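I opened a new notebook page for this chain.

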Amino acid sequence: MKHLESVEQFNELKQSSTVVFLFTADWCPDCHFIDPFMPEIEQTFNSLTFISVNRDQFIDICAENEIYGIPSFLAYRDGVEVGRFVSKERKTKLEIEEFLNRI
């Protein structure tokens, strides 16, 4: 999964076809819980672009998008938000797949 490098990149990427931002942090145990199965999810949903956003590096993006819990997912298509799976709860593989199927 690619990592977000700048606010400008975030704004450019969300204008592209369909991009899913995964908000995470190194210190977050629930974020590390999903690490083992995220490559499989990326492969299954290969029409989507996945971008990891470090919450601590991009706290302003989190605030602007009301991302207060991690891990959280925010999806855009052509500049329009098409879905969000935002909470502080641990997410399962099935829950993530169900979210991605809805967008």
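Before reading the sheet I need one definition: two strands pair if DSSP finds at least two bridges between them. I also note that the model is predicted.

**Entry 1: a hairpin**

I looked up strand S4, residues 72–77, and strand S5, residues 80–85. They pair in the antiparallel sense, over five bridges. Across this pairing, I find Tyr76 opposite Glu81 in S5. S4 and S5 form a hairpin, and two residues lie between them. In the turn I checked Asp78, and its phi is positive, about 50°.

**Entry 2: the whole sheet**

In what order do the five strands stand in the sheet? I read S1-S3-S2-S4-S5. The sheet is open and its pairing is mixed. S1 (2–3) and S5 stand at the edges with a single partner strand each, so one side of each has no neighbour in the sheet.

**Entry 3: the chain as a whole**

I list five helices and five strands. Following the sequence, I write the pattern as β-α-β-α-α-β-α-β-β-α. The radius of gyration is 12 Å, close to the 13 Å that the globule rule gives for 103 residues, so the chain is as compact as a globular protein of that length. For the C-alpha trace I note a span of about 30 × 30 × 20 Å along the principal axes.

How much of the chain is buried? Buried residues make up 46% of the 103 residues. I then looked at contacts between residues at least 6 apart in sequence, and 67% of these join residues at least 24 apart.

**Entry 4: surface and charge**

The chain exposes about 5800 Å², and carbon and sulfur atoms supply 47% of that area. I looked up 10 positive and 18 negative charges in the chain.

**Entry 5: Glu8**

I find Glu8 in helix H1, which covers residues 7–13. Is Glu8 buried or exposed? Its relative accessibility is 53%. The cut-off for exposed is over 50%, so Glu8 counts as exposed. I also looked up how Glu8 and Ser87 lie: they are 79 residues apart along the chain, and their C-alpha atoms are separated by 25 Å.

Key:
Residues are numbered from 1 along each chain as its sequence is written. This is a predicted model: local features need pLDDT of at least 70, side-chain atom pairs count only at pLDDT 80 or more; totals for chains, interfaces and linings use all residues. Side-chain values use heavy atoms; hydrogens and water are left out. Helices (H or I, at least four residues) and strands (E, at least two) are DSSP runs, numbered from the N terminus. The radius of gyration is taken over C-alpha atoms; the globule rule is 2.2 Å times the number of residues to the power 0.38. Buried means under 20% relative accessible area, exposed over 50%, partly exposed in between (1.4 Å probe, protein chains only). Contact means heavy atoms within 4.5 Å. Accessible areas come from the Shrake-Rupley method with a 1.4 Å probe; for residues, only the protein chains shown count as cover. Lys and Arg count as positive and Asp and Glu as negative; His and the chain ends are not counted. The place of a charge is taken as NZ of Lys, CZ of Arg, CG of Asp or CD of Glu.
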